[in-house]
Amino acid sequence: GGLRDGVSVYIQGSVPKDITRFLINLLCGESDSSDIALHFNPRFDGRDKVVFNSRQGGSWGSEEKIRSMPFSKGKAFELVIMITSKGFQEFFMFPHRIPVEQIRAIQVSGDVSVQSINIIGVSPQCLLHLNHQHQPLLFKAVPYSCMIPGGMYPKRTIIIRGMVPYGSNRMGFNLVVSRSRDIAFHMNPRVKERVVVRNNREGGKWGKEDRELSLSPFMEGQYFDMSIRCGNQRFKVFVNGQHLFDFFHRVSFSEIDKLEIEGDVQISYIHF
């Protein structure tokens, strides 16, 4: 577990126009009271600065303040935290005070919206739990199935966030009619082939596959943020903010009442 020398944490996000401050913590556990190996805290308070610190045994260390502000109000940002043998390297080197092998989680909170967090150069055994706005993202067991409260209707959106583990081959996201076991919408990212197959299954028979896609966003070791939006004629699927494809209804969407997820995938968040 934990991180190691040579690993980078890559965060894409944006800050609002009326930002005051936000923080990114690399935590040594999964509770708010855990030790913090790196506390990264941009503050917009007239004397804009970024504060770096650590916390051990409930006590904060000495603050290091950088008066240059790399973030702009109302703008998107990309932040890379490189872990070197000497310390955490962003636009400033913060020396290690706690062994990086003890890091277990990332916490992000405050005036910030995060699009993606990727851990680059990490082995599959090292899984960090993401904790965004104090919502711990603990991975759900797959295969996963749950009833969709209220079923599907126009403009309803299902949000699914997760990660494609290293060694992943394929996964499936199914919108199911539970009484007949028909699959109204089957989405099957095949990681090694770099395709996303779409289909339906009615009366035990699969329909015609859709495969047209310029690029699959489902890659090993990458987090994804997917939304499936139901329209009158079709589902619109977005991944990481980009429109991926449309799938025209072949079965009445009003009969769909169940979501099923299977295969080589880790799911951290589902919202109806």
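Ile83 is part of strand 7, which covers residues 76-83; strands are DSSP runs of E with at least two residues, helices are runs of H or I with at least four, and both are numbered from the N terminus. The model is predicted, so local features need pLDDT of at least 70 and side-chain atom pairs pLDDT 80 or more, whereas totals for chains, interfaces and linings use all residues. Residues are numbered from 1 along each chain as its sequence is written, and side-chain values use heavy atoms, with hydrogens and water left out.

## Exercise 1

Decide whether Ile83 is buried or exposed, and list what it touches.

Step 1. Apply the cut-offs: buried is under 20% relative accessible area, exposed is over 50%, and partly exposed lies in between (1.4 Å probe, protein chains only).

Step 2. Ile83 counts as buried because its relative accessibility is 2%.

Step 3. Take a contact as heavy atoms within 4.5 Å. Leaving aside residues up to four places away in sequence, Ile83 touches Leu3, Arg4, Asp5, Gly6, Val7, Phe88, His96 and Val100.

Step 4. Consider one of these, Leu3. Leu3 and Ile83 are 80 residues apart in sequence, while their C-alpha atoms are 8.1 Å apart in space.

## Exercise 2

Describe the strands that pair with strand 3 and the turn in its hairpin with strand 4.

Step 1. Strand 3 spans residues 36-43, and eight of its eight residues are buried.

Step 2. Two strands pair if DSSP finds at least two bridges between them. Strand 2 (residues 22-27) pairs with strand 3 in the antiparallel sense over four bridges, with Leu27 standing opposite Ile36.

Step 3. Strand 4 (residues 49-56) also pairs with strand 3 in the antiparallel sense, over six bridges. Here Ile36 stands opposite Arg55.

Step 4. The hairpin of strand 3 and strand 4 has five residues between the strands, and Gly46 in this hairpin takes a positive phi near 90 degrees.

## Exercise 3

Find the loops that hold Lys155 and Arg194, and state the phi and exposure of each residue.

Step 1. Recall the background: most residues other than glycine have a negative phi.

Step 2. Lys155 is not a glycine, yet its phi is positive, about 75 degrees. Lys155 sits in the loop between strand 14 (144-147) and strand 15 (157-163). With 63% relative accessibility, Lys155 counts as exposed.

Step 3. Arg194, also not a glycine, has a positive phi of about 60 degrees. The loop holding Arg194 runs between strand 17 (182-190) and strand 18 (195-202). Arg194 counts as exposed because its relative accessibility is 60%.

## Exercise 4

Step 1. Of the contacts between residues at least 6 apart in sequence, 60% join residues at least 24 apart.
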